[in-house]
Structures are given as C-alpha cells and as structure tokens.
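Hi,

Here is the structure I promised to pass on. Have a look first, and my notes on a helix pair and some charged contacts follow below.

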Amino acid sequence: MITVTNITKRFGRHTAVDNISFTINEGETVVFLGASGCGKTTMLKMINRLLEPDSGEIRIDGTPITQRRPEDLRRGIGYVLQNYGLFPHYTIEENIGIVPQLLGWKKDVLSKRVTALMEKLQLPPEQYRSAYPAALSGGQQQRVGIARALAADPPVLLMDEPFGALDPITRSSVRKDFRELDELRAKTIILVTHDVQEAFELADRIFLLDKGRIIQEGTPDDLLFRPAGDYVRLFLQEQRFQLEAMRLKAGDYPALNRAFDNFKNRQS
Amino acid sequence: MEQNESLWHFMQQQSGKLLQQTMQHVGLTFISLLIAVLIGLPLGIYITRNKKAAGIVLGIAGILQTIPSIALLGFLIPLLGIGPKPAIMALFLYALLPIIRNTSEGINGVDPGVKEAALAMGMTTTQRLVKVELVLAFPVIMAGIRTATVINVGVGTLAAYIAAGGLGEFIFGGIALNNTNMILAGAIPAALLAILLDFLLSLIQRTGSRGRKMALGLLPLALVVFSSFYLLPIGFGSRLLAGFTPEFMGRKDGDIGLRSEYGLKIRTVVISDAVMYKAIYEHKLDVISGYSTDGRLKAYDLITLDDDKKIFPPYYAAPVVRNDVLTKYPELSPVLNLLAGKINDSIMTLLNYRVEYLNQDPEQCARDFLVSLGLYRPPRNGAKGPVRLGSKIFPEQYILTAIYAMLVRGYTDLQVESKTGLGGTKICFDALKDGQIDMYPEYTGTALLAILHAPADLVDHLAGSGDSVYAYVRDRFSREYNLSWLDPIGFNNAYALMMRRSQARQLDILTISDLANYLKRDR
C-alpha cells in the first residue's frame, strides 16, 4: 500500500505538485491522467525518489520511503520510461538483468528469469538475447524496458508514459500484450499518461490531474458518468462516445442508443 | 635524392642519439599525459556534478592553453629550475584542457534517459559513473586524450631548450646550424611519433563496449610503461654537469671537438642560450658553452676556460663593407678603422654587461665609450650619403653599430641610416650582398663556417691563428662577393667553456685540459 500525504514539489517559482494526498491499495492499477505540465510525472518520480518533495511524506507499506537508501528503494520498484532508457552498451539479456544483477542474483537463476521474461514479452530469446538495443524496433525496445522493470519481480511498478513514444498500431499491440501479462496480477501499478483511452483501458482507478492538484479521483465509470465538474467533462469530451461504448457490455442496446443519441446531439 | 641519402646517412650515424632522444620524447609525453589523466579525468567528472565549478575550471585550463609554450617554460624555470620537471609541468598543463573538457562533455553527452534509467534501476551514482557514464563517454574522453598526446609530442620538442632532452635537440641544433638533415632527423621522428601514437590511441578509442573494460585496464599500464622510457637513457655520468646549446652540440668546433681533441667526457644536457647562464649561476649546471664577450659572464661571475688546444676558431669582429660604397665615399674607410684594435675582450664584455644587465641605452654606452677614448665628435649633420648600417639582433651588434654611426656622423659629412635587428647571419649577409645595407660588423669564425662553409681540414689548418682566418675570409669575400673586411676591432668573441669562478678556483681548473684531466681523475 502506498500512502501519499500532503506532497508539494516546486521547481523555482513554479509549483509542479500542490499539496496532494492519496492512497493506492496493493494490486491496484492507478493511472495519473492529465495534460502536459499537470505534475503527473513529477508525482511519479517522487515515489522512487528520483525527485525529492519539498514537503509531505510518502510511505510504502507503512514505512516512509526516506528511511531507505534510494538505491535499495529503487531496486524494489520497477520503472518503465517513455523513451525506454535502455543501456546501448548492454545486450538485451544484460539490460533485462540489471536489477537482479545489482541485487546479486546467481547467474543461472538470472539467466532463466531473463529467458522466461523474453518469452512472455514476445522477444524470441535465441534471436535477441545477445543483440544490442540499437538492433531492435521501438516496440521491441519497450518490451525490453518492461521486462527490465519486472525482472526482479518488484511488488510496485511505476510507468512514465510507457507507450507514448510508439506509433498507434505498435502501441495497441504492446499494450495488449502488457495487459495480458500474468506477471502483473498481484502488482501495484502506477501509470502516467495523457492518453484518455489508454487510461480507461488499463486503470482500476484514474486520478485526473491539473495544475498540480487532483481534480477527480475515481473509477473510469465515475469519471465518465459522474464527472466532478466542467474540467473533467471537457477533458473526456473528444472521446466520450468511444469511451462510453467501451464501458458497455455487449447487447446492452438501450444504453448504446442513449450514448449514440448523446453523441449526435453534441455533433449538431 | 642526394638530400634523402645524406639524411639517411645522418640518421644512421646518429642512431644512438636518435634512439635516446626518441625514448626521452616518448617518456616526457607520457609522464605528463599520465599526470594529466590522473588529474584531468576526476576534474572533468567533478565539473559534471558541479556546474558552478565547470566555468571556473574550464576557464583556467583554457587560459593555460593560450600561454605560448616558450613563455610557459619561462614562467616555470624560476619555480622548478631546468631539466625534466618544468618540461613535464608545462606539457601537463597543456594536456589538461582537452582531457577535462572531453571528459565533462562526454559525460554530459550521455542520453539523459539512460542516466535516469541507471538511477531508477537502483544504481548508486558511483555505479552509474563506472558502468554507464564513463563507458558511454569513453570515445569522447579518448578523443581528448588523443588531442593531448599529439599536443604533447609537438610541444615536447621545446623540452630541449631547458635541458630535458627529446627530439627537439636535433631540431633546434639543426636550425641553429642551418643543417637541414639534422632538423629532419628530429622533425620526422617527432611527426611519425605523433601519427603513430594517435593511431594506436584511435584503435583503443574504437574498441566496442566489450573491449573497453580491457582498454580501461590496459591504458594506465601503457601510460606507466611509456613514461618509464624517460628514465632509461640517463646513463652514468660524471660528477660535473655540462649544459650546451643545441648549436654547440652539433659543431665540430663544439662538443664534437671537445670529445675528440681534449677527450672531455662530461655528462651533457642540451639547453637554450637564454636560460643557460642563470642555470649555471644557480648551480644547476657546472660547465656551459658561451661566447667569450657575453655580458652575462660578468653578471653571473663566471670565468672562461683557456682553450689550450685551440679548437675554437677565432671570432674576431670587423666591419664588412661593400666595395662600391668604399669607392664612392673614400673618407669612410679611415673613419671606420678608427676603432681598429680599440676594444679588447674585457672592454666588450663590460659594454655588453652595461647594455644587457644595467639596461643602459646602446647609444649612451657608445658615446661614453668614445668620449673615454677621446674619439667622440659631435655630429656634423652633413648632407652626403646616406650610409646604411646593419646589425644582427643582439646587444653587442647594437653597441658596435651605434659606435660606428657616431664616428661616421662626427668625422664625415655622410648621413647614417641604421637598420638594426636584422636577425641572424644569413639575413644580414644577404642584405649586404644585395645592396640593401652598406656594412655590418661580422666575425671571422662565422664568415669561415657559416658563410663560406670552409671544409673541415682547412678549418683545422687555420684554427688557432686569428690572423690566418682573417686573411682567408678577407681574401675570399673580396674575390667572391666584392666585399671588404676592414681592420679587426680587437676582441675575439669565440666560443668558450665557462664555469663559476668559485668552483673553478676550488677545483684548480684554468684550461679545458685541466677540466678534462679533472674528470678523468674523477672516474
């Protein structure tokens, strides 16, 4: 469980995160959603201490994160970057194995783990094990990035716009494989995105952020059908029809008609 | 073709020296490089962590880089003396900037995403530095080390000016002696050395990330091994240390003659004329080669050793004048000859001392001298002429030219144009021959060896007799160049070996033979 209490972070005179508090339960997938500059990435990076807050406190499973050495803390938290951040001088196997290697895993255990992960992420081990990142496509590189974050089986996974740098087709295929990973079942996941559809597809709960504050915190249905104000409504407007259609169960025609009518009314 | 063959011949003949100089050169280059890496690499890393310090550190290293190398050596001599210490210090300072700058730029150039990932995966900053930043910055850092190496090989030639050895000994000796083969024997190996070292380092630079771990381990080892080259050639020598100019080292009437005629075996370093006198005064050297009328003899309380076997040809000074000028102005020759026999060695030394060390004006000095002899006459401000007087670029010649100008103005109606500072012998002589000047003071020995290139056996035959050398050069100048040597002024500015007066007295050394005998006993 991650507990965030009254966190504020400023960069010079600009307040990036403004007195935010929230709790994330074990095994939950939470999406920080918002436009660029809303403070979502800043909030994420404070959880593994890539950034230090100006005030407030973050606890993981009851322990303040400042009580642990940053490197020990980070080895227990998976991290996926938008631009992959793979080490160009490491092979794919070495890239995936960084955290276990830092933790001092035995070679054969590590090797088996890497093989298993590569298979799960659709990266044929015999073909890619000894390749360097430069030889891989963007989608494949991000699969390696995800495998690297999962390698030491951390209970918490932080993802900073993980699919943001991919083209739409690759994005949906990587996202689909990601969603189906059994590795993720018991993990607490925090994902940052500005992509509304992605947020609705992956989230148990969505935090919609603006100007460093949480505007609304709730399930996708809460945001869609019980928006907490104009900002939320406006933010979802563009894709409301697709989102509503997505939330409906197959065969619920009256609801679908209602949604379509709403859509038509807005168009006219 | 002949040039190539004789160059090859020269290099074969001097292969021992060439090898020693090359080893010294490699040694100097790498010792300073090693220190520069040991200090520059951490500094470069430090300024990536502390942006405020970056400007200061790079600024200081940049300023050091802009100091001309000769000037830098000049600054360092009072602090570190002569020999390898100031040379290594200077090379180290030059190597610093490229290493610091490339280290910091290399690290700053690593993809920020990769750097963030390294931390996010749980690396400590040290692990990130070693496993990620340094490895990825390696090609850029190596480029800096390559630049520093090439700079060091080039600037390292200047080490020969301050008794630190290296290939500069041949280069500067060759320039002083107008000996192209000697210049090339130093310059070609130096250039090849720069190319070779640059190539070897480029191989290391291009190693893939696999080979880099090995390269990072091998590099310091190679630096240390090459550094030790400097120490190898230092043989076992005599108790006394001699410092000779590059020119003196290569001359028959210099180091070569000392060895063959006197059997003088003394440990020798090559050093520039400019710092030599100071070095002997400060007991860094015991014997130096110099000119017998140099003002610094007096300034530093040195004595010249008697050349009892007469290996140094006489360098009597006399005015050399164009024949057509003498014919056109018949009154000129008697006036110039007023000075004949009037200045002996000690008077010339004193005049030089006054100009060089007491910083008196050559004009004033010339006037005082003429007044003391009762020869001074105020200028007649005549309208004939003008006569153009030239001089080489050192104080003694300025003084002589000033004296001659005063005599001509006082005794004739001729006007005088002084063209002082015409560089070396070649420039002055060519100017006289081509009629751009009408006269300048020249030395018999210089004319014999540097202008007429007299064959060795003739030099041996003439050496020792001032009169016969004078007669020989006067005769050939008159026949071949239509130039006249007037009567000698009196002093003999020959090469001489010099020692500190106190030490020479203590060891009871008056002649070069005494010195040679003392060194033989010493062994």
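α18(B) passes α19(B) in a right-handed crossing, where right-handed means that the near helix is turned clockwise from the far one by less than a right angle, and left-handed anticlockwise. Bear in mind that this is a predicted model, in which local features need pLDDT of at least 70, side-chain atom pairs count only at pLDDT 80 or more, and totals for chains, interfaces and linings use all residues. Residues are numbered from 1 along each chain as its sequence is written, chains are lettered from A and ligands numbered from 1 in the order written, and side-chain values use heavy atoms, without hydrogens and water.

Back to the helices (DSSP runs of H or I, at least four residues; strands are E runs of at least two, and both are numbered from the N terminus). α18(B) covers residues 362–373 and α19(B) residues 395–411, and they pack at about 60° with their axes 8 Å apart. The axes are lines fitted to C-alpha atoms over the stretch in contact, with angles from 0 to 180 degrees between N-to-C directions. That angle makes the pair oblique (under 35 degrees is roughly parallel, over 145 roughly antiparallel, 65 to 115 roughly perpendicular, the rest oblique).

Which residues meet there? On the α18(B) side they include F369(B) and L370(B), and on the α19(B) side I403(B) and M406(B) are among them (contact is heavy atoms within 4.5 Å).

Now the charges. The whole structure has 42 salt bridges over all chains, each a Lys or Arg side-chain nitrogen within 4 Å of an Asp or Glu carboxyl oxygen. In one of them, K120(A) pairs with E183(A), the closest N and O atoms being 2.7 Å apart. K120(A) sits in helix α5 and E183(A) in the loop between α8 and β8 of chain A, so this bridge ties together parts 63 residues apart in sequence. K120(A) is partly exposed at 32% relative accessible area, while E183(A) is buried at 11% (buried is under 20%, exposed over 50%, partly exposed in between, with a 1.4 Å probe and protein chains only).

E217(A) and R205(A) also form a salt bridge, at 2.9 Å from N to O. It links strands β10 and β9 of chain A, so the parts tied together are 12 residues apart in sequence. E217(A) is partly exposed at 39% and R205(A) buried at 15%.

In chain B, D294(B) and R296(B) meet at 3.0 Å, with D294(B) buried at 8% and R296(B) buried at 11%.

Cheers
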